[in-house]
Amino acid sequence: MIRIPQLSETLAFRTSVIFSALAMITAWFSSCSPVRDEHGRDIAELQAIIEFMASDSLEGRGTGTEGEAKAAAYVASRFEELGLKPFGDSSSFFQAFSFRPHPPIQRHGSGDSTSIGMALVQNLTGKNVIGMLDNGASETIIIGAHHDHLGMGDENSLFIGDSEIHNGADDNASGISALILLAERLSAQPLNYNVLFMSFSGEEKGLYGSNHFVDNPTIDLNTVNYMINMDMVGRMKEDSSLAVYGTGTSPVWNDLVNQVNIDSLALVFHESGVGPSDHTSFYLADMPVLHFFTGQHEDYHKPTDDPEKINYEGILMVADFVERIVLELDDEAKLEFTKTKDQSKDDSPRFNVTLGVVPDYMFDGEGMRIDGVSEDRPAFNAGIIKGDVVTQMGDHAVTDMNTYMEGLGIFEEGDTTVVKVMREGTEKSFDVIWD
């Protein structure tokens, strides 16, 4: 605080105080300018990453495509620039994996001549990108995000029309931008843990990349303390809401997450470690997890998910949030893991079938609310619409996202099941043919 001189003091003394005050104010502004510069630099960095990852030249980053390979190569180059050690296969940044995606049902003909058959699919090969910030520690934390998207639009697209590039600026170029920024920041910190930065592929097809890593780890998973995942963190709304999944996977999460929330974000907690992104693979391997998500929007899984709609300030707040968690836990012992909703590894959702809907992941009521319906998929064909809340599938009760995902592992392709929903306070039933 600047002391104001008494009126009885001499003019010379008052003048010297004024100049001292001016000097203090000037020094204060000078000390603040690097903060403003750093903030602006971070925003510019996030924007540059997203504009590349979501550019038309990558053609939507579909798993196994040239565009996805370019995205993986870009992330690897950034990891290398930051001095991370390659921790993929054969001392490279890449971990390749192959899989045959779930084939959707195709309907041929119409009326009485309609026939149903399985679409032909080919094996796909994707690439995880893995870089280690090696601090010489005995234990490691994992921070991840996925870089793949829908290419020109696949069976998960919600776009009605001809094939177009699905650039996926929010899903999930936003998470990759935060991942690279955190790699840069944490590389400059004297941490007591190693940090494994992971960019997954195959997420959109069913968590194939993260599942492959857990089944074929490049580090000893017993040394992993916890895993943090970021998927769709680029469209934070005006209410500054942020969904945090996995808060029940360790006793420390609730208090810690609230403690580091110095930006007064409107946090929406979800206890379950099972959810619609790559953190699920690590939770099912008995690791504490957190997953961050800024919410659904009308551009989800459509060609209109473009960089100009990104809230870069929001991404920066998520990155700040994750950084504070990492630093707060850096002097703490390894976290205790707890299962959520009586889940076990054997309860992993198998995704045998799909309803063809976009769940509302910010919904915290009873059931699973639908935020979007894909044309000519099971829900659409049965008459289920956006806003319906699924409460039961056959004899399986749906109370939340976790039980909904469990239900997808119960039924088989071609089965007909009665699905019950709540629509504006009224229960309705629909006959769903699964694919």
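1. Rings of Phe, Tyr and Trp (its six-membered ring) count as an aromatic pair if their centres lie within 6.5 Å, and planes under 30 degrees apart make the pair stacked, over 60 edge-to-face, and the rest tilted. By this rule, the structure contains 11 aromatic pairs. The model is a predicted one, in which local features need pLDDT of at least 70 and side-chain atom pairs count only at pLDDT 80 or more, while totals for chains, interfaces and linings use all residues. Residues are numbered from 1 along each chain as its sequence is written, and side-chain values use heavy atoms, with hydrogens and water left out.

2. One of the aromatic pairs is formed by Phe99 and Tyr208, which are stacked with 3.9 Å between centres and 15° between planes. Because Phe99 belongs to strand E2 and Tyr208 to helix H5, this pair ties together parts that are 109 residues apart in sequence; helices (H or I, at least four residues) and strands (E, at least two) are DSSP runs, numbered from the N terminus. Phe99 is buried at 6% relative accessibility, whereas Tyr208 is partly exposed at 25%; buried means under 20% relative accessible area, exposed over 50%, and partly exposed in between, with a 1.4 Å probe and protein chains only.

3. Elsewhere, ring pairs link Phe79, Phe93 and Phe197 into a cluster. The charged end of Lys127 sits over the ring of Phe94, at 4.9 Å from its centre; the criterion is that NZ of Lys or CZ of Arg is within 6 Å of the ring centre and within 35 degrees of the ring normal.

4. Which residues of helix H5 are buried? In this helix, residues 208-215, they are Gly209, Ser210, Phe213 and Val214. Seen down the axis, they fall within an arc of 135°, so they line one face of the helix, the arc being that of the directions from the helix axis to the C-beta atoms. Their cover includes strands E2 (94-99), E5 (124-133), E6 (140-146) and E7 (194-200), together with helix H7 (279-283).

5. The largest nonpolar core has 61 residues, and those touching the most other members are Ile143, Phe197, Met230, Phe292, Val322 and Ile325; such a core is a set of buried Ala, Val, Leu, Ile, Met, Phe, Trp, Tyr and Cys residues joined through side-chain atoms within 4.5 Å. Helix H3 (residues 169-187) supplies the largest share of this core, 10 residues. Apart from it lies another core, of 50 residues, which includes Val214, Met287, Phe293 and Trp434.

6. Ser174 is also a residue of helix H3, and with 0% relative accessibility it counts as buried. Its side chain reaches the backbone nitrogen of Val233 at 3.1 Å, a polar contact being a pair of N or O atoms within 3.5 Å where, within protein, one must be able to donate a hydrogen and the other to accept it, and where residues adjacent in sequence count only if both atoms are side-chain atoms.

7. Two loop residues deserve a look. Ser277, in the loop between strand E10 (266-270) and H7, is buried with a relative accessible area of 1%, and its side chain is joined to that of Asn229 by a polar contact of 2.9 Å. Pro303, in the loop between strand E11 (289-293) and helix H8 (312-328), is buried at 9%. Leaving aside neighbours within four places in sequence, Pro303 is in contact (heavy atoms within 4.5 Å) with Phe159, Glu164, Ile165 and His166.
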